[in-house]
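Open the model in your viewer and keep the selection panel at hand. The tour goes through the domains, then their interface, then the ligand.

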Amino acid sequence: MESLHGCGPAPAASFEEIKARAEKTLCRTYSRYPVGVRAARGSRIWDFDGREYIDLLAGIAVTGVGHAHPQVNAAMLRQMEKLTHVSNLFYQEEQVLLAEKLLASNHCSKVFFCNSGAEANEAAIKLARRFQRKVRGEDRYEIITLSSCFHGRTLGALAATGQARLQDGFAPFPPGFLQVEAENMEALRAAVSPACAAIMLEVVQGEGGVRPLSRDYVRAVEDLCQERGLLFIIDEVQAGMGRSGHWWAFQHYGVKPHIFTSAKALANGLPMGAMLCTEETAQGFDYGSHATTFGGNALCSAAALAVLEVMEKERLPERAARLGLWAKHRFEGIAAALPGSIREVRGLGLFLGIELAAPGKDLWEALLRKGFILNLTQERVLRLLPALNIAEEDLEAFALALEESLAERK
Ligand SMILES: Cc1ncc(COP(=O)(O)O)c(C=O)c1O
């Protein structure tokens, strides 16, 4: 059983004081949960007062092997003693070992390491444009994305995301982005112009409410890319790294994108992203075309390598598939027992969304009071992104609390 023992002393200041000081010093971007985190291990979080929570959010799909995994911690400590950062001007063994292991999990042959999901998507967009121009000799630059998508907050990634709510006040955006309705092949076909370079999508839309796209649609998009000379880009920032039940969520669909991106769970909490591509697509970059100071430094690479080793050794993608299916059925059982409370349970593996019949802020608050940390997206979708090694009993405890809270709400 997880225990607070050994997690260090209580914070010097109270939660209320830290909250007030945070409001004073930190930019107003996040509307934070009313919890100050003191320590975290596995799938447990402890607040400033030592209260224990079951973590079903894992730092928004980041700590895939759980908080403070001993093997990942040991790898980081070893690496810190040896080499943290020298820049990408040098060859580093850690980066190569990671690249080889990461590439072995899919069909791609080259990788560019960076620091976040948005940066990985920026690299994907830049590579697609440069490939079309420099390798194919065609002036294609337009990137088509789908309604309700989310690709990040930098100007390029936000232009790709295309949501008015998130773009408010930030115009002008870089041109060359176009959005079409998801699951509508006719609209997509009509949107492809001679200037189109690529189509980019998440096979499971995360921020958009945990919405897996249909197999027919994703395969038809791949066919369209083939037919029209477009690059197919898949954003695996949230769905990837074993969470869906395969290493990469697109592997459920039987497609092979030219480019895909990863971040979040890659280094279990150290900031890291990756853009992976096929050998041919990689020809779009030359020495000096793209760069990052920190991306893939020895410390982050050693951590990510340890994450992949843990996932492989503990067979976490398979576990996510099995446990995710069990949880989905369990939540569907609650929906059936309490008609009118849950509209739909969606997801792949341990990437689960419970769409409520009504807005769910009160329910989310009740679950937090009962000691469960999860996210509410799109006002009515409870989003679960737990560590892939979370105990089945933790998910069962959540199911009981959900059942109870829904019944209390009636
Ligand atoms: C699918 C997807 N792409 C990109 C991003 C952006 O990642 P980051 O916040 O690391 O820039 C996110 C973040 O939630 C995401 O879910």
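Domain bounds here come from an automatic or database domain assignment. The model itself is predicted.

**Stop 1: the two domains**

Select residues 70-313 and colour them as domain 1. Then select 315-344 together with 388-410; these two segments form domain 2. Ten residues of domain 1 and seven residues of domain 2 take part in the contact.

**Stop 2: the interface**

Show the surface between the domains. Domain 1 and domain 2 bury about 600 Å² between them. Carbon and sulfur atoms account for 65% of that area.

Which three residues of domain 1 supply more of its buried area than any other three? Select Arg243, Gly245 and Met311: they supply 57% of the area that domain 1 buries against domain 2.

Next, look for polar links. Four residue pairs are in polar contact across the interface of domain 1 and domain 2, both partners at pLDDT 80 or more. On the side of domain 1 that touches domain 2, four residues are nonpolar, three are polar and three are charged. How many salt bridges cross this interface? The rule finds zero between domain 1 and domain 2.

**Stop 3: the ligand**

Now check distances to ligand oxygen atoms:

- Gly117: a backbone N or O atom lies 2.8 Å from a ligand oxygen.
- Lys264: a side-chain N or O atom is 3.2 Å from a ligand oxygen.
- Glu207: a side-chain N or O atom is 3.5 Å from a ligand oxygen.

Finish with the ligand surface. On its own, the ligand has 390 Å² of accessible area, and the protein covers 81% of it.

Definitions and conventions. Residues numbered from 1 in each chain as written. Predicted model: local features only at pLDDT ≥ 70, side-chain atom pairs only at ≥ 80, totals over all residues. Heavy atoms only, no water. Contact = heavy atoms within 4.5 Å. Buried area = accessible area lost by both parts, 1.4 Å probe. Salt bridge = Lys/Arg side-chain N within 4 Å of Asp/Glu carboxyl O. Polar contact = N/O pair within 3.5 Å; in protein donor to acceptor, adjacent residues only side chain to side chain. Nonpolar A, V, L, I, M, F, W, Y, C, P; charged D, E, K, R; others polar. Areas by Shrake-Rupley, 256 points an atom, 1.4 Å probe, with all protein chains shown as cover.
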